[in-house]
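Good morning, and thank you for coming. I would like to walk you through one structure, and I ask you to keep the display in view as I speak.

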Amino acid sequence: MAALIPNVISMQSEFIQATLETLYMTFFSAIISAILGLLFGILLVVTQPKGILEDALTYSVLDKVVNLLRSIPFIILLAVISPLTQFLIGTTVGTTASLVPLVFGIFPFYARQVQNALLDVDHGVVEAAQSMGSSPSEIIFRVYLREGLPDIIRVSIVTVISLIGLTTMAGAIGSGGLGDIAISIGYARFENDVTFVAMIIILILVFAVQLIGDWIVKKVEHY
Amino acid sequence: MTEQNIIDLKNITVTFKNGATPVKAVDNVSLAIPRGDIYGIIGYSGAGKSTLVRVINLLQPPTSGTITVNGQNLQQLPPKALRQARKKVGMIFQHFNLMKSRTVLGNVEYPLLSQKITAAERKQKAQKLLALVGLAEYAATYPSQLSGGQKQRVAIARALANDPEVLISDEATSALDPKTTKAILELLEKLHETLDLTIVLITHEMQVIKTICHNVAVMDAGKIIERGRVASVFTDPQQPLTTDFVETSTNVKAAIERITATVKVDELAADQELIYFNFIGNSAKQSIISDLAQQYKIDVNILFANIDQIDGENVGYMIAIITGDLAGFDQAITKLKDNGVKARRLSQPKGAD
């Protein structure tokens, strides 16, 4: 073992630290992005033309905001967003500071995915609910979110996996984490085993997310 | 609560903006549906019938016109009151529109979720409705495991959960096979009787209208072109489209096509003609053929005949080749017309040849 991954053996505590940082960034930015993404996704669906709360202005504004944010490359977003990060967190470097660009990098993507998942809910079912006198909020919670749940979970898995990818880039603003170890130690010092092990840990995280997600989908889907 | 018409649509027009050209899906239609009726609206797809029934519960707001349901003008109601009013108008659909994330019982419970009743009361009511449609033992299954007919039964139970006074059926049997269609129609008829429901039913199948409707309106290009008691519309259609529906449902249309394809009309002798007879009411029982033979010396060779009962009236159809005194036949027909017999030449009258 020591012959295969000599540098990793001597860096065990750093690896544990980095893994925890990656989990921390992923978890908290996922929670915040989930709230924002669901909110935007739902609003996009209900305010769209022929939606249950049709509102052309709101739809058009949200649609453009999502498109705009999705167009900014993440590595540039990390830098561009620093004044907002400074305002919200009080610093622009470190693990917690990276949550701001991570959220802005991922929630528009998630919003679009949620929107597509909800658009797949049969319009006939929504119409049936309207014919039964359901209010817009009842339709959102009891029809859209419930009928769309398996798809929402599926897009959440995809999003979390993308998010894990983004956390590795946040090393550029000193966030720490597995990506940071892989590049600033493994790559920079030609310690290839460090890069390799960091990648393996990330793959394990990704597979775990996929497995847990698939298991939940199986539990909630009935067709 | 004693208005005679539970639904009263006045001068309804619905215009859709389809690109630059606005399309009138419903064109100045007025429709009054008496309480307790089973009212059929028939038309081919695109006739505007689905749009028209969606106006009844304001799922489709009309461009102009007024909607009165149960004495309430729906357009004047605030959103909350409109939702309450909608609960009294149940609706079932061609594709059932059940929620696949809920069990059969869960689907029937759905409309009751917004009522202030306990979970136990809700479950009890839903189970009672499932028993009513004959699906009590399917409560725990998911819709994906049911057949089309069973899904429609669940949808009917769900539509009845709010104790509606009106049930709108939007092509509810169009995705079902004939046997299942019959069973669903029987169920609707039973519910109509036991629950005092007014049913508004749209379809493109005359068979459906014939089976359970009392009144019918025929729609074409956004307008109602003919309406009345099913028996009178069926036996005496005024519009070509209505005739078309009637002849399709009685197999007469297929018979005419088959016969005109096999009998070479120009091979008929000079004293022969291909005639389509239509009998209504008691005339179906009269001895028309022997009358023609004895009084007018005309032989009748029957190629197709069918007798149907619509709303208690006999309606007969016959296609025959007549041979003999054709001038006398014209005389006979004018006389028979008074007795409810109509005749139409399928062969061209022989001219100067």
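Let me begin with a term: a residue counts as buried when its relative accessible area is under 20%. What share of the 353 residues of chain B counts as buried? The figure is 51%. Please bear in mind that the model is predicted.

I stay with chain B for its overall dimensions. Along its principal axes, the C-alpha trace of chain B spans about 80 × 50 × 40 Å. The accessible surface of this chain comes to about 16,200 Å², and carbon and sulfur atoms account for 50% of that surface.

We turn now to secondary structure. Chain B has 12 helices and 14 strands. In what order do six of the strands form an open sheet? The order in chain B is β6-β7-β8-β3-β9-β10, with mixed pairing. At the edges are β6, residues 89-93, and β10, residues 223-229, each of which pairs on one side only. From one strand to the next, the twist averages 15°.

Helix α6 of chain B, residues 178-195, lies across β3, β6, β7 and β8 of that chain, and runs at about 155° to β8(B). One residue of this helix is B:K190. Is B:K190 buried, partly exposed or exposed? B:K190 is classed as partly exposed because its relative accessible area is 39%, and that class lies between under 20% for buried and over 50% for exposed. B:K190 and B:E165 are 25 residues apart in sequence, and their C-alpha atoms are 15 Å apart in space.

Finally, I turn to chain A. Helix α8 of chain A, residues 136-147, has several buried residues, among them A:I139, A:I140, A:V143 and A:L145. The buried residues of α8(A) pack against α2, α6, α7 and α9 of chain A.

Thank you for your attention.

Terms used
Residues numbered from 1 in each chain as written. Chains lettered and ligands numbered in written order. Predicted model: local features only at pLDDT ≥ 70, side-chain atom pairs only at ≥ 80, totals over all residues. Heavy atoms only, no water. Pairing = 2+ DSSP bridges. Helix = DSSP H or I, 4+ residues; strand = E, 2+ residues; numbered from the N terminus. Axes fitted to C-alpha atoms, helices over the stretch in contact; angles between N-to-C directions. Contact = heavy atoms within 4.5 Å. Buried < 20%, exposed > 50% of the residue type's maximum accessible area, 1.4 Å probe, protein only. Areas by Shrake-Rupley, 256 points an atom, 1.4 Å probe, with all protein chains shown as cover.
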